[in-house]
Amino acid sequence: MGGIGLLASDLVISFMWVWSGVLIKIYVFSFLGFGHGPSGEIIKCALSILNMFFFALLGKVTNGGTYNPLTVLTGAFTGGFRRFLFTVAARIPAQVIGSIAGVRFLIATFPEIGLGPRLNVDIHRGALTEGLLTFAIVTISLGLARKIPGSFFTKTWISSVSKLTLHILGSDLTGGCMSPASVMGWAYARGDHITKEHIMVYWLAPIEATLLAIWTFRVVVPPVQEEKVENKAKSE
């Protein structure tokens, strides 16, 4: 898929992602009538994992389309300059635009849904929380790509459960978002998308954590070629 097609995929998938989370909550708590007790939360978690499988499949079908800037940044930081420039100047803006459009249509359609995740702690604790969550999920993603490169189901299962777990851990503090574009959509709707809190907690901290995770992974886990040389030396 060419660059224009990838941008279109990012925009549409980002639009769909902000809708999917809200629709799952409406389906479980309003349509099915479950409260916020254990039964409702278990069903919501199960549907959330199925939802992440669906978006992982969309990413595979579109050859890389995604809703999360951190996903494309991971590849951009390890790729060439042209890829980095295309990611920062085109793909991330497309994801942000898709998220903003998705949230605006959501609020117009379901005015009762509220205004998305908010920072419920001070800015430093919020930045630390989003940074740690991002560091964890980026490290897991890099490990999955290295250790089990061919198994779509296994990788998606581990990644989905990990994301859901980290989201639950951070939900009461920052929303446990780990996706700057999605948060940007809700922040834009509230009018606080250019505040210091939003930029530091939901953009700078995750991006710095992504860089740190990539660097740490490179230091701790040797490249595949180095592993083959070491194994060959041991066998000799």
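This is a predicted model: local features need pLDDT of at least 70, side-chain atom pairs count only at pLDDT 80 or more; totals for chains, interfaces and linings use all residues.

User: Which helices pack at an angle of about 170°?

Analyst: Those are helix α5 (residues 123-147) and helix α6 (residues 152-170), with their axes 10 Å apart. α5 and α6 are therefore roughly antiparallel to each other.

User: Which residues in α5 and α6 meet?

Analyst: From α5 come Thr129, Leu133, Ala136, Ile137, Ile140, Leu144 and Ala145. Their partners in α6 are Lys155, Ile158, Ser159, Ser162, Lys163, Leu166 and Gly170. Sorted by class, the residues of this α5 and α6 contact are eight nonpolar, four polar and two charged.

User: Let me try the next pair. At what angle do the axes of α1 and α2 cross?

Analyst: Helix α1 (residues 3-31) and helix α2 (residues 38-61) cross at roughly 160°, and their axes come within 10 Å. α1 and α2 are therefore roughly antiparallel to each other. The contact includes Ile13, Met16, Trp17 and Ser20 of α1, and among the residues of α2 are Gly40, Glu41, Ile43 and Lys44. By class, the contact of α1 with α2 has 13 nonpolar, four polar and three charged residues.

User: Is the crossing of α1 and α2 left-handed or right-handed?

Analyst: The crossing of α1 and α2 is right-handed. The crossing of α1 and α4 is right-handed too. There, the axes come within 8 Å and cross at roughly 35°. The contact of α1 with α4 divides into 15 nonpolar, seven polar and two charged residues.

User: What about charged side chains? How many salt bridges are there?

Analyst: Here is the general idea: side chains of opposite charge can pair when their charged atoms come close. The count for this model is four salt bridges. One of the pairs is Arg91 with Asp10, whose side chains meet at 2.6 Å, N to O. Arg91 lies in helix α4 (residues 81-109) and Asp10 in helix α1, so the pair ties together parts that are 81 residues apart in sequence.

User: Which residues does Phe105 contact, leaving aside its neighbours within four places in sequence?

Analyst: Phe105, in helix α4, is in contact with Phe15 and Trp19. Phe105 and Phe15 are 90 residues apart in sequence, while their C-alpha atoms are 9.3 Å apart in space.

User: Which residues does the UniProt annotation "transmembrane region" cover?

Analyst: The unreviewed UniProt entry gives residues 12-34, 46-64, 84-107, 127-145 and 201-221. You can then look at what the model shows over such a span. Residues 127-145 are 100% helix and 0% strand, with end C-alpha atoms 27 Å apart. Residues 201-221 are 95% helix and 0% strand, and there the end C-alpha atoms lie 28 Å apart.

Key:
Residues are numbered from 1 along each chain as its sequence is written. Side-chain values use heavy atoms; hydrogens and water are left out. Axes are lines fitted to C-alpha atoms, for helices over the stretch in contact, and angles run from 0 to 180 degrees between N-to-C directions. Helices (H or I, at least four residues) and strands (E, at least two) are DSSP runs, numbered from the N terminus. Angles under 35 degrees count as roughly parallel, over 145 as roughly antiparallel, 65 to 115 as roughly perpendicular and the rest as oblique. A crossing is left-handed if the near helix is turned anticlockwise from the far one by less than a right angle, and right-handed if clockwise. Contact means heavy atoms within 4.5 Å. Ala, Val, Leu, Ile, Met, Phe, Trp, Tyr, Cys and Pro count as nonpolar, Asp, Glu, Lys and Arg as charged, and the others, Gly among them, as polar. UniProt positions are given in the numbering used here, feature names are shortened, and annotations may be inferred rather than shown by experiment.
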